[in-house]
Every structure is written in structure tokens, then in C-alpha cells.
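Here is a short tour for anyone who likes to look at surfaces and pockets before setting up a calculation. Please have a look at the structure first.

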Amino acid sequence: MKVEIGGNKYDVPVSWRELPLRNYIAALDHSLKGESDPVGYLSAITGIEIEVLRNTSVEGLAYIMQMVDFVNDPDGLAIYNKVEDKFRIDIGTQPYWKLELCNQEVKRVWSELYGDKKELTEAEVMHVYLKASPLFVRTYTDGLTYTTRKWFRKKEVTLEAIEIDDSPVASVYGLAVFFCKLLRPLMLIMRK
């Protein structure tokens with residue numbers, strides 16, 4: 001939905017179907033750092049520059065906060081935690097370099113977010129993996145082949161790497177969580 005602030009129009013997501021994964025992860029970054037600045041959180045969710053929001057009226061901010069209130073419903077996102085059958089991948093049959101590349105990304109994100117901290121809460125671990133998930137999905141979907149069936153015809157389809165950064169959370173959340181859960185046990189062993 002569009003809002004006008006200072007003569008400029010901005011798109012504000014009003015559902016999980018409109019919220020880009022990049023913004024969702026930025027909001028997680030903000031929340032898990034323990035920052036209590038609601039304008040910073042609102043900037044992360046909407047993508048509107050923080051200075052623009054700081055100069056917005058209190059009524060205007062309250063209106064935008066109502067628009068993005070869907071993020072406060074944890075069950076709202078859970079319904080999107082599903083994956084199409086074509087993404088059932090046996091990591092054990094994939095080249096090792098893919099796993100190592102993903103492991104390096106987890107280490108990089110872990111260090112970026114939490115420094116040398118050895119133990120993370122479950123929310124922090126999921127934060128690390130969700131933030132690294134665009135690389136997971138891009139790495140493991142590039143060249144993925146699956147078979148579609150329509151009536152009596154079978155067709156082989158080969159995917160190009162799927163980019164999920166700017167995709168709506170509703171359309172890629174299940175895929176991101178799928179790769180997180182699939183790779184996490186292997187990577188935690190490699191992190192030690």
C-alpha cells in the first residue's frame with residue numbers, strides 16, 4: 001500500500017505476501033540486537049529511510065505501524081512454512097563444495113551478528129540461518145532438475161538459481177526454512 005510522506009510516495013507492506021525477505025531479515029537484525037527504537041524497526045520492515053520516518057508525524061507513524069502489524073502474528077508466517085515437492089533435495093548426493101560454501105556463509109553471518117559468541121539461543125540460530133538462506137537457495141537450486149507431470153506427459157525442468165532477497169516472505173519463507181533445517185545439522189558439526 002502506498003503512503004505519502006513529505007511529498008514522496010512509499011510502498012508499505014501490509015501482509016507477508018508483500019514483505020520482501022530482505023526487509024524481514026533487517027527487522028530480525030534490529031530486534032535481536034535488542035534495540036528498542038521503534039522507528040528503526042519500522043524502517044527495517046518498510047524500507048523507508050530512518051530519517052524520513054523520524055520527521056514523520058506521530059499520527060503518521062502510528063498509521064504505518066498499524067499497516068505492518070501483521071508481523072506481530074507469529075501464526076501468520078507459519079502457514080507459509082511449506083515447500084513444493086520439486087525442492088526435495090538429498091544434500092548427501094550434492095557436491096561437497098556447495099555444503100562448504102554454505103558453511104562459510106553461516107560462519108560469516110554468525111561472526112557479523114554475534115562475534116565470538118559460542119552459544120546462541122534458538123531464535124539467534126534461526127536468525128543466522130535465515131540471513132544466510134539466500135545463498136543456500138541460490139547454491140542448491142542452480143541447475144536443479146525436477147520432473148513435472150501434467151495429464152500423461154512428463155517434462156524435465158531445469159531451474160536457474162533462485163534469488164530470494166527481494167521476493168515476498170510468503171513465497172520464499174518455506175524454502176528458506178527448508179534449507180536451514182536441511183543444512184543446519186551438517187554445519188553445526190563443521191562449526192566446531
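Met-1, Val-14 and Tyr-63 together make a nonpolar surface patch of about 280 Å². Of these residues, Met-1 sits in the segment that comes before strand 1 (2-5).

Do keep in mind that this is a predicted model. The protein has a mean pLDDT of 81, with 81% of its residues at 70 or more.

| Element | Residues | Mean pLDDT |
|---|---|---|
| Strand 3, lowest | 145-150 | 60 |
| Helix 3, highest | 50-54 | 94 |

The largest pocket has a volume of about 350 Å³. It is lined by 17 residues, and those closest to its centre are Trp-16, Tyr-24, Leu-28, Leu-77 and Tyr-173. By class, the lining holds 14 nonpolar residues, two polar and one charged.

Which helix gives the largest share of this lining? That is helix 1, with five residues. At least two lining residues each come from helix 1 (21-32), helix 2 (38-46), helix 5 (74-78) and helix 7 (122-141).

Terms used:
Residues are numbered from 1 along each chain as its sequence is written. This is a predicted model: local features need pLDDT of at least 70, side-chain atom pairs count only at pLDDT 80 or more; totals for chains, interfaces and linings use all residues. Side-chain values use heavy atoms; hydrogens and water are left out. pLDDT is the predictor's confidence in each residue, from 0 to 100. Helices (H or I, at least four residues) and strands (E, at least two) are DSSP runs, numbered from the N terminus. On a 1 Å grid over the protein atoms alone, a cavity is a set of points where a 1.4 Å probe fits but cannot get out, and a pocket is an open set with protein on both sides within 12 Å along at least five of seven lines; lining residues have an atom within 4 Å of a point. Grid points are joined across faces, edges and corners, and a volume is the space filled by probe spheres set on the points. Ala, Val, Leu, Ile, Met, Phe, Trp, Tyr, Cys and Pro count as nonpolar, Asp, Glu, Lys and Arg as charged, and the others, Gly among them, as polar. Patches are made of residues with over 30% relative accessible area and no salt bridge: like charges are joined within 9 Å, nonpolar side chains (Val, Leu, Ile, Met, Phe, Trp, Tyr) within 5 Å. Accessible areas come from the Shrake-Rupley method with a 1.4 Å probe; for residues, only the protein chains shown count as cover. A salt bridge is a side-chain nitrogen of Lys or Arg within 4 Å of a carboxyl oxygen of Asp or Glu.
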